[in-house]
Amino acid sequence: MSTEPDALRQLYTYARALEPTSAEIQQTLARCQRATSRTPGRRHAAVLAVIVMAVAVLVAALVANPFSRSGTVSAAEAKAQAAAALDFQGGWHITRVTTTGEVQPGKAPVFSGAVTEDAWHAPDGRMRVQSTIAGAGFGVCCSLILYAGGERQIYMADRKSTYVHRFALAADLRDDERAFLPPSAADLYRAAYRDGRVRLAGITRVQGRDIYRLEFDWLGSSYTLSYDSSRRVPISSEARTPMSRFRLPAQTAGARGSFVSRVRYTTYEQVDPGPLLNRHLTLPAGARTAKQLSDAPIFVPRPVQGASAARLARAVAHHMPGILPATAHLADASYAIVRQLAHGGMAAVALIPNHGGKVSVSMLGLGGRTTLGNCISIAEIPHLGGEAVTTSTSCNGTSLGFWNHDRTNALVGGTTTARRVDIRLHDGTTVRATLRRGVYFAILPAAKARYPFSILTTARDGSIKRQLGAIWTPLPQPLPGE
Amino acid sequence: MVVRAVAGQETAREEIARRAFRIALRTATATLGSRPDAADVAGDVTADVLAGLGRLREPASFDAWVHRITARRTLRALRRRSEQSACDLPDDAWASAGLGTDEAIALREVMRRALEQLPPRQRLAMALRYVHDLKEAEVAAALGCRNGTAAALLSRARETLRLDPLLADFDPAPCGESR
């Protein structure tokens with residue numbers, strides 16, 4: 001065989017071996033985070049978070065004096081109003097419309113289609129969120145999620161299917177529900193108030209009503225709320241994050257714009273428990289005849305470092321077809337690193353041998369990134385005895401981000417040559433990673449993990465290689481004062 | 001996973017993003033010859049995928065759907081570049097592949113020459129066929145053409161490469177022969 005066919009094959013071998021870097025994925029997710037609030041679900045977290053934000057900023061506004069400036073509300077009364085408004089233990093109904101997009105200096109903002117969300121919540125924890133997406137280029141779509149009776153049901157009318165996930169533990173359900181309604185989102189705004197961050201940017205009078213414009217900045221983003229003090233409801237809110245927030249200083253060229261998310265509230269009301277609320281906390285009639293599909297949870301024995309992770313590997317392969325190569329030896333998988341997390345849960349990194357799929361480092365050629373050939377899969381078991389949540393899986397040594405709702409942010413990756421791995425954060429501080437059996441694991445401070453960082457890999461010969469990394473943690477974020 | 005991603009589960013969305021990005025990155029690199037350009041395409045593809053995930057009716061056809069989006073985006077990028085410079089393949093792709101020796105430089109020139117000779121759709125068809133091991137029918141689906149058209153594109157590409165004196169011995173396996 002001549003060298004030419006080899007050459008062409010080598011070209012394609014190069015392409016076949018390419019893996020996206022962690023930074024590329026996270027920057028894409030960051031770019032899409034607001035833009036893709038079109039996709040149902042993710043936006044629930046973001047959208048409802050901003051709703052809660054609105055209430056919380058209201059607290060700030062009420063208590064921090066601006067209301068008294070209008071002469072319509074005393075500080076004490078404002079505090080009482082705010083306390084009531086922040087109490088999301090009761091029933092409520094909120095409808096809001098979210099538009100997202102980018103703003104470039106000197107150019108008109110570019111916004112995507114609107115997402116309308118209609119959310120009902122009962123004091124006993126039942127919640128239903130219906131999303132409708134409409135916009136140019138992607139038509140109209142909707143989804144409906146109901147949490148009730150220990151289950152999460154996702155009804156997709158266009159597929160005539162209902163996906164049912166039954167939780168073994170109530171705590172697991174609450175965690176999952178928090179992905180759609182993170183109670184900690186309110187904490188951000190309460191904390192912003194406590195921290196004295198909220199400022200009154202202006203008061204305007206519209207049709208006889210005082211409208212307050214309240215602002216605060218946090219972790220590189222700016223937040224604004226328009227609040228109708230007469231009707232005591234938020235009118236709209238805006239979150240703005242500079243694109244440069246997702247870059248290292250050396251990368252800021254071409255990233256001068258901002259990601260913007262605007263929310264308009266069309267309904268914002270407390271609803272007492274009763275028939276009205278119950279009627280809205282059910283699936284529509286069509287769901288009864290829809291195909292019922294089980295979305296089974298993953299259960300694995302309590303992870304022990306060095307012990308078999310075969311059940312986890314098989315579950316990953318089953319739940320995410322194609323994510324592991326056919327050459328992966330699922331039965332030989334083992335836990336390389338197991339870490340207890342601050343909230344009591346566990347994070348475990350499974351090392352899955354992949355003898356058939358090894359790729360040479362030179363062919364990868366991604367800035368000197370090391371590679372394993374083996375696969376790594378991260379799982380979190382938030383509550384002992386509960387289900388495992390598989391977060392990320394990768395072969396070829398790509399670093400993976402890990403985060404959860406308790407604000408644990410970690411970086412995991414594979415390396416065959418390193419004797420030490422350090423994570424250098426944007427402010428210059430360094431976190432040394434645990435390195436075991438070719439897998440590294442580092443828990444990063446939540447606030448600092450929101451910025452890009454460098455992964456410094458020290459090889460056995462002492463040479464140091466650097467690559468960029470980022471973990472995109474949409475919610476919840478660390479609070480002011482933490 | 002697609003369903004969970006549609007429902008908003010962050011981890012599933014990240015896996016979806018990673019998978020889409022990987023598929024697009026490989027195809028675009030093999031077509032455009034530049035990893036940075038390919039990463040731009042892959043970013044666009046991933047954004048399209050995340051935005052349109054709710055419209056994907058059959059989760060099992062996720063990869064095929066990503067291939068279609070990638071094909072469209074890559075062709076657009078390739079044509080845009082063609083308007084600027086007919087065959088301007090930057091060196092970075094080859095440099096990043098770790099080729100540095102005289103032999104590697106020669107191989108690089110051969111590859112540059114091979115890609116230069118192929119029109120956009122043939123490049124893309126070859127990438128889909130030889131990077132992702134897609135069958136002819138799958139290549140056709142990704143390109144949005146008939147099976148016969150895809151077969152013709154691949155055949156012409158192989159013939160072009162075969163006619164090149166520097167690639168005279170090139171004899172890749174026929175389409176669909178192996179997976």
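Here is a friendly conversation about a predicted model with chains A and B.

Student: How many contacts beyond near neighbours in sequence does the stretch of residues 34–71 of chain A have?
Tutor: Take care with this part, as the pLDDT is below 50 over residues 34–71 of chain A. The model still gives this stretch contacts beyond near neighbours in sequence, and their number is 152.

Student: Which element of chain B has the highest confidence?
Tutor: Chain B averages a pLDDT of 72, with 66% of the residues scoring at least 70. Its lowest confidence is in helix α5 (residues 92–96), at a mean of 36. The highest confidence, at 90, belongs to helix α8 (residues 136–143) of chain B.

Student: Is Asp176(A) buried or exposed?
Tutor: Good one! Asp176(A) sits in helix α6 (residues 170–180) of chain A. Residues under 20% relative accessible area count as buried. Asp176(A) has 13% relative accessibility, so this residue is buried.

Student: Which side chains make polar contacts with the side chain of Asp176(A)?
Tutor: There are two partners to find here. One polar contact, of 3.0 Å, is with the side chain of Arg152(A). Another, of 2.5 Å, joins Asp176(A) to the side chain of Tyr147(A).

Student: Which element gives the largest share of the largest nonpolar core?
Tutor: This core has 30 residues, and those touching the most other members are Ile16(B), Val49(B), Leu53(B), Phe62(B), Trp65(B) and Val66(B). Elements giving two or more residues to this core come from both chains: α2 (22–35) of chain A, and α1 (2–6), α2 (10–32), α3 (35–52) and α4 (62–84) of chain B. The largest share, 10 residues, comes from α2(B).

Student: Which residues does Phe62(B) touch, leaving aside those up to four places away in sequence?
Tutor: Phe62(B) is one of the core members that touch the most others. Beyond its sequence neighbours, Phe62(B) touches Val2(B), Ile16(B), Arg19(B), Ala20(B), Val49(B), Leu53(B) and Leu56(B).

How values were computed: Residues numbered from 1 in each chain as written. Chains lettered and ligands numbered in written order. Predicted model: local features only at pLDDT ≥ 70, side-chain atom pairs only at ≥ 80, totals over all residues. Heavy atoms only, no water. Helix = DSSP H or I, 4+ residues; strand = E, 2+ residues; numbered from the N terminus. Buried < 20%, exposed > 50% of the residue type's maximum accessible area, 1.4 Å probe, protein only. Polar contact = N/O pair within 3.5 Å; in protein donor to acceptor, adjacent residues only side chain to side chain. pLDDT = per-residue confidence, 0-100. Contact = heavy atoms within 4.5 Å. Core = buried A, V, L, I, M, F, W, Y, C linked by side-chain atoms within 4.5 Å.
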